Amino acid sequence: MGGCSTWAWPELLLLLLGSAWLWVGSAQPTSPGPTHPPGPQLRFRLAGYPRKHNEGRVEVFYNDEWGTICDDDFTLGNAHVLCRHLGFVAATGWAHSAKYGKGVGRIWLDNVNCAGNEKGIGDCKHRGWGNSDCSHEEDAGVVCKDERIPGFKDSNVIETEQSHVEEVRLRPVVSGGRRQLPVTEGIVEVRYKDSWAQICDQGWDSHNSRVVCGMMGFPAEKKVNRNFYKRLKRAARTKGRSPRLGSRLASKSQPKQKRREDVGPKKRLFTERQQLNYRLHSVSCTGTEVHLSLCSFEFYRGNSSAACGSGMPAVVSCVPGPLFATGNAHKKKQRQQQQQQGQPRIRLKGGAKVGEGRVEVLKSSEWGTICDDRWNLQSASVVCRELGFGSAKEALTGARMGQGTGPIHLNEVQCRGTEKSLWNCPFRNITQEDCKHTEDAAVRCNIPYMGYENLIRLAGGRTEFEGRVEVKRGSKWGTVCSDGWTTKEAMVACRQLGLGYSLHAVTETWYWDASNVTEMVMSGVKCAGHEMSLSHCQHHGASLSCRNTGTRFAAGVICSETASDLLLHAPLVQETAYIEDRPLHMLYCAAEENCLASSARLANWPYGHRRLLRFSSQIHNRGRADFRPKAGRHSWVWHECHRHYHSMDIFTHYDILTPNGTKVAEGHKASFCLEDTECEEDVAKRYECANFGEQGITVGCWDLYRHDIDCQWIDITDVKPGNYILQVVINPNFEVAESDFTNNAMKCNCKYDGHRIWVHSCHIGDALSEEANKRFEQYPGQLNNQIS
C-alpha cells in the first residue's frame, strides 16, 4: 500500500460563495457512528446475523476499540450479566462457536466466570483484558429475555457495524442561485480525525456509488459526467482566472452561443486553494452493502506526493425518491411511473418518522405483515429502496413498531440485496404455527438530509421532549398560534423535531414562557398528520390571524418516543350484531347521555320503544405505549344516572351510512370505563375501573364493551329498509395520540329488511387493497340472507 500525504490541486474545486466550499448546512452527512469514550469506559452491543433484536454476538468497547468475548468456560451466569449491560432484564440462553458470525479486532475477555448477580462484567473472574488464547471462531453470543429494564433506552436494533468508516457525506460542488436540499451529487468524503477526507476514484464503479447513495437516503445512483470534473481539475491547475463553467450537462456538440446561455448566473463554479486529503483507495463494493465500511478498501498511510496521482476525488450522483424529488419535470415523471405501476404492494405503518415502520405487504387484496425469522439488513434494504428511500439503517424484529393485524403473509425472507422488489426475494409462506404478530418485522431506512429540524425548536420545557413550539420563518424565530392546534399538528411538530410521537397538543403555554421570543410568526396551521414539516401544512401566509394572541396562547407539545395504537376486533362486531326493541321506560339514563336519536325527544315517554342495533366492541392496544385518557382523574365527569365517571366524552362513533356515504343514523360511546378486560399471555393487567381506579388499556390487552350495556348501540328507529354500511371509529377526535390513526375505523356491509339485519364483510378501514375497497363501497346489496 503506497503511503501518501495529501496531494494538492493548486486552486482546487469550487465554490460558490466566495472561496468557501458549499457546505453551510447543505452537505449531507450520515448519522454519526459510535463515539469513542476515553479510557477503560465500557460499552456493549449485540452484533452479527441472522439474529433477532435480543440476541447476537457480544461485543465490548474497551480502550477505544470494539472486541469480542471468548466462549471458553462461558455460562448462563455470564449471559445474565451481559444482558443487563445491554438493557434486558435477564438471559434465556447463550451461544458458542461464533454462532452469529466471527467478529473482528481484539478478543477482550476469556475464561469469564460470573455467578450471575454481579453489577458488571468487570466484577466477574476472567484472565484479564486482552489476555486470550482464542480465535474468533470461539466468539460467544447471548440470547436475552425480551423484556427491557425500565428506563433503559430502547436498543432493539440489528444495525450495521461501522468498523472503519463511521461517517460519510456528499459535498456539493455545483451551486445554483438557491441552495437546494437534498444534496444529490457531490464529492464523497469520510470523517477522519476531526476533519473530512476524500476517496480516490481509481477503480470506482456504479456499485460503490449505489452504496453511498443508499447511505445518503437515495434508492438509486446515476452516471456522473466525469468530464465536467476533469475540466475543473485542469482549470484548477492553470493558476489563471477562475473559469465560469456552465451546466455539467452542457454538451460539447452544442453551439457556442447556446452554451454561453447555459452558463449565465444560474450555475457558477469558483476555484480555491485547498489541499486534498485522501483517506481511502481501492474501494470495491458489490452494491448490496448498507454501509461503505462493509466494502473492501485500503487506507492511505504515511506521506507521499503520489496519492491518487492519476485519479481524482470520487464523485457520485443519486436519484431521489418521490418524497424528496425536486423539480416539476422529475416529479411528473415519477407520478407517471407510479400510475403505470398501480397501487404499491408494500408499505410502512406505525413509525414516528418518515422512512420507518412495520413492513406490510399486499397479497390477495389484503394487507398483512412479515414474520421476523431471518430478517436482516439486506431484506430491509430492498424494502427501503422499493419505497423510494436509501438502504436500511436498522432491521427491527419483535414488533418494535407495534403489532399488525390480519394475516402474516411472509416468513424467512432472504433477499440478496440486488432485487428491485421484496416480492422477487425467496421467502416461505406462513403457517399458523410459525409466527405471531409479536414477531412482526420493521425497518428504519436512511433518508436524505433535509434540514427541517433546524427550522423548529422547543422552549421552556422541563425536558427536551416538551415545550413551547418556536419556528423559524426567514431569519426570524417566533411562536405558533394555538387556534386549531390539535394532536395532528403536534404530531408533525414532534416528527420535525425528531422526537417521536405527540403525547399532548398544548394550547396554553404560559408556564413554559422561558424564552425571549414573543412575536407570533405562524397561524392557521392545519395538518393532515403525515407531513415532514409544519411549513408543509396549510397555514396563513403573511397576513396572520389568531383569536388569542400573546405567548400565553402559543402552541406547545409534549413528545414521546412511543405511542399507543388502538384497533377494533372486526369479526366480533359481525358475530354479535342484532336488533332489540327496547322499551322507553328502560332508556332514561341513555337519553340523558344522548345515546338515542334526536327523534326520541318527541316520543311519548315512557310508552313505546326504540329499535337498537346492538353489538360488542373489543378494542385492542397493539402499539408500544399504554392508551391513557387525555384528562386526569381530577377532571373526569361523574354521571349520576349510570353512576360512573367519564374519562373521555367521545371514545367511539357509531354510524349507519348509505353506500354513497350519507349518514342516516349515529351513536357514540363515552369511555365510562377504560380497562384491561383481558390480556395476551405473559401480559399483566394494569387498569381497572372499580373503586375510581386508573383507566387505560395496556399494550397487549383489550377492553371489551359488551353488546348488553347501555349506549353500546345505534338507534335505527328511523332507518328505512335497505343496504347500508356500518362504521365504527375509535378515538374519532384524535384526543389521544396514537402511532397510526388510519386503522381506527372499521366498516361492515349490512342489509336491513325492516325486521332483521345481516352484518358481514367487516374489516379495518385500511386492511384491503384499493380495488377491494372500491368493490366494498360499490356493493350492490344483498338480495337475500345467504351471505357467501
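Colleague: How many aromatic pairs does a search of the whole structure find?
Modeller: The model is a predicted one. A search covering the whole structure gives an aromatic pair count of 16.

Colleague: Are the planes of Phe74 and Trp94 stacked, tilted or edge-to-face?
Modeller: The ring centres of Phe74 and Trp94 are 5.2 Å apart, and the planes meet at 45°. Planes under 30 degrees apart would count as stacked and those over 60 as edge-to-face. The pair is therefore tilted.

Colleague: How many residues apart in sequence are the parts that Phe74 and Trp94 tie together?
Modeller: Phe74 lies in the loop between β5 (65-69) and α1 (76-85), whereas Trp94 belongs to strand β6 (residues 91-95). The pair therefore ties together parts whose separation in sequence is 20 residues.

Colleague: Is Trp423 buried or exposed?
Modeller: Trp423 forms an edge-to-face pair with Phe427, at 6.1 Å centre to centre and 85° between the planes. The relative accessibility of Trp423 is 17%, and buried means under 20%. Trp423 therefore counts as buried.

Colleague: What is the relative accessibility of Phe427?
Modeller: Phe427 is the partner of Trp423 in the edge-to-face pair. Phe427 counts as partly exposed, and its relative accessibility is 31%.

Colleague: Which residue lies over the face of Trp367?
Modeller: A charge over a ring must be within 6 Å of the ring centre. Here the distance from the centre of the Trp367 ring is 4.1 Å, and the residue over its face is Arg347.

Note on methods: Residues are numbered from 1 along each chain as its sequence is written. This is a predicted model: local features need pLDDT of at least 70, side-chain atom pairs count only at pLDDT 80 or more; totals for chains, interfaces and linings use all residues. Side-chain values use heavy atoms; hydrogens and water are left out. Rings of Phe, Tyr and Trp (its six-membered ring) pair if their centres lie within 6.5 Å; planes under 30 degrees apart count as stacked, over 60 as edge-to-face and the rest as tilted. Helices (H or I, at least four residues) and strands (E, at least two) are DSSP runs, numbered from the N terminus. Buried means under 20% relative accessible area, exposed over 50%, partly exposed in between (1.4 Å probe, protein chains only). A charge sits over a ring if NZ of Lys or CZ of Arg is within 6 Å of the ring centre and within 35 degrees of the ring normal.
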